[in-house]
Amino acid sequence: MLELDQLVRDFGGFRAVNGCSFSVAEGSITGLIGPNGAGKTTLFNLIAGALRPTSGHIRFFGEDVTGLSSDALFHKGLVRTFQIPHEFHRLTALENLMMVPPKQPGENLFSNWLSWGKVRNSEAGVERKAYETLEFLDLTHVAHERAGNLSGGQKKLLELGRTMMTDARLVLLDEPAAGVNRTLLRKLEAKIKILNKERGYTFILIEHDMEMIEKLCTPVVCMAEGKVLIEGDFQSVRSDPRVLEAYLGETVEPA
Amino acid sequence: MELYGLLNYALFMGVFIGIYALLALGLNIQWGFAGLFNAGIAGFFAVGAYTSAILTSAAAEGRIGGFELPVIVGWFGAMGAAALIAWPIGKICLRFRSDYLAIATIGIAEIIRLVIKSEAELTNSARGITGLPRPFGDLDYMASQAAYLGIVLVVLAIAYVLVERQFNAPWGRMMRAIRDNEDAARAMGKNIEYRRLEAFIFGAALMGLGGALFAHFNRSITPEAIDPMVATFLVWIMLILGGSGNNRGAILGAAVVWIIWSVSEIATDQLPHEYAVKAKYIRLFLIGLLLQLVLRFRPEGILPEPLRGDLRHTKEGNRS
């Protein structure tokens with residue numbers, strides 16, 4: 001469903017992503033691993049439209065979406081979360097979810113004045129869905145809490161929740177496990193699995209927690225220095241000497 | 001006689017509070033909802049005031065206008081003109097982040113002020129436009145003042161209801177989300193540029209209306225009325241003190257600050273002449289001190305931004 005073709009992104013003289021190509025099959029959970037600075041988050045930003053690639057192409061369901069903005073991509077079903085939680089901190093957790101659904105009639109100034117009944121109807125539906133999502137994520141008890149007051153893990157869950165408020169097809173998760181405690185982590189894994197199986201979400205997730213990668217992801221893509229180093233199932237990627245080398249910085253070749 | 005003077009003063013004060021409350025509501029849409037730092041309120045105020053003046057005044061030599069249209073047309077015209085001028089300004093300036101936007105809007109308000117001051121064909125330059133009609137203006141003085149206060153309060157009430165509705169609605173929620181985190185809002189499919197422009201224009205229209213109400217109350221408008229100190233910064237203080245993000249706070253802030261501003265003027269005028277002149281600056285100091293105290297002890301303002309605007313949930317009692 002998603003194909004990356006020779007993506008390159010430069011920041012000034014620094015090439016963060018250097019000719020990255022791989023594709024993602026519908027219904028899969030692809031794990032993206034690699035040492036710090038390998039270009040994983042930059043790659044996410046390119047896919048999600050937050051950055052424009054210097055060169056290369058991105059195809060989503062066969063359509064060339066290179067350079068589209070993230071709001072346009074959202075409407076095509078491509079939704080992302082952020083490495084550092086990007087909650088709307090002065091909105092309640094419930095509102096954080098309720099703002100997500102696209103094309104709400106109440107997003108039009110004049111509808112709110114002239115057809116309030118219609119807006120209220122739509123709001124009731126959105127609110128129900130938001131409560132269901134909070135329930136699914138075990139966040140119901142903080143529904144009316146300011147999102148900025150939630151814990152780091154709860155914010156991560158809330159971000160996952162936002163992706164559930166729309167008809168997403170591909171969800172990019174940037175380090176969903178970072179800063180999340182073990183118990184919550186198992187829960188998060190279970191939620192991702194359910195969303196994948198029951199809702200048919202395709203996931204790409206960046207993660208440093210290898211346990212999570214092992215449990216969830218096939219295939220696993222390992223990046224280093226802006227390129228795809230190796231792609232395959234978890235065992236084969238882990239046992240590949242090049243991966244170890246990338247992580248540990250050991251030079252195997254004779255100097 | 002004493003009572004008469006006091007009543008007149010109260011009516012006068014009420015009208016001004018109403019007008020400032022409109023400006024503060026407009027700024028609340030821009031800053032409180034959308035996080036746009038507009039420091040050019042005076043510009044939109046001026047555009048509204050002069051538009052209504054041109055549309056409703058009697059014909060005069062040497063300048064356009066004098067269309068002698070009904071006042072209500074002037075007021076809608078004022079909103080329309082302020083909105084219309086906000087569009088290109090927003091298109092250009094809203095791509096700047098907050099502090100740059102503030103600088104750009106100050107500059108634009110200055111441009112508007114200078115144009116008004118020097119374009120005699122449009123605005124009769126420094127002499128301003130006089131002889132504006134005032135609704136119920138031919139009643140005797142007190143009744144006319146009271147009637148105008150009534151009109152201002154009705155306009156303010158309507159504006160409050162219209163703005164408050166937006167705060168509770170998905171539009172307001174989306175704007176607050178954009179304010180809180182632009183990148184996340186964009187990733188959730190919201191068109192940030194377009195929505196910001198909407199909020200900017202909406203707020204500017206209210207500021208234009210405030211200008212028109214001001215001009216018709218004075219029956220004239222001159223470039224001196226477009227002083228950034230009283231037309232921009234005082235409004236900012238009102239909103240921050242009252243509570244940005246809270247429409248009632250904006251109105252309350254307008255009342256509190258205007259009362260202090262206006263009463264302190266009376267107090268300083270009682271002083272002997274040599275001190276009275278100096279004391280004018282004490283008033284500025286007083287307002288500044290008040291702002292400092294609020295920011296130090298209650299940064300969210302007297303009435304903070306409400307948590308999830310509507311009250312359905314507190315009724316349900318499922319807060320935990």
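In the predicted model, strands β9 and β10 of chain A form a hairpin with two residues between them, and A:Glu225 in the turn has a positive phi of about 50°. Strands are DSSP runs of E of at least two residues and helices are runs of H or I of at least four, numbered from the N terminus. The pairing of β9(A) with β10(A) is antiparallel and extends over five bridges; two strands count as paired if DSSP finds at least two bridges between them. Within this pair, A:Cys222 has A:Ile230 in β10(A) as its bridge partner. Strand β9(A) also pairs with β3(A), in the parallel sense and over three bridges, and here A:Cys222 is the bridge partner of A:Ile33.

Five of the five residues of β9(A) are buried, a residue being buried if 20 or more other C-beta atoms lie within 10 Å of its own, exposed if 12 or fewer do, and partly exposed in between, with C-beta atoms placed from the backbone. In a regular strand the side chains alternate between the two faces of the sheet. In β9(A), A:Val220, A:Cys222 and A:Ala224 point one way, while A:Val221 and A:Met223 point the other way.

The open sheet has six strands in the order β6-β7-β8-β3-β9-β10 of chain A, and its pairing is mixed. Its edge strands, β6 (78-80) and β10 (227-232), each pair on one side only. From one strand to the next the twist averages 20°. Strands β7 (residues 170-174) and β8 (residues 202-206) of chain A run parallel and are joined by five bridges, with A:Leu170 opposite A:Thr202.

In chain B, an unreviewed UniProt entry annotates residues including 67-87 and 199-219 as "transmembrane region"; positions follow the numbering used here, feature names are shortened, and such annotations may be inferred rather than shown by experiment. The end C-alpha atoms of residues 67-87 lie 25 Å apart, and this span is 81% helix and 0% strand. For residues 199-219 the corresponding separation is 30 Å, with 95% helix and 0% strand.

Helix α12 (residues 273-297) of chain B contains B:Ile287, which counts as buried because it has 20 C-beta neighbours inside 10 Å.

Residues are numbered from 1 along each chain as its sequence is written, and chains are lettered from A and ligands numbered from 1 in the order in which they are written. In this predicted model, local features need pLDDT of at least 70 and side-chain atom pairs count only at pLDDT 80 or more, whereas totals for chains, interfaces and linings use all residues.

Technical notes. Axes are lines fitted to C-alpha atoms, for helices over the stretch in contact, and angles run from 0 to 180 degrees between N-to-C directions.
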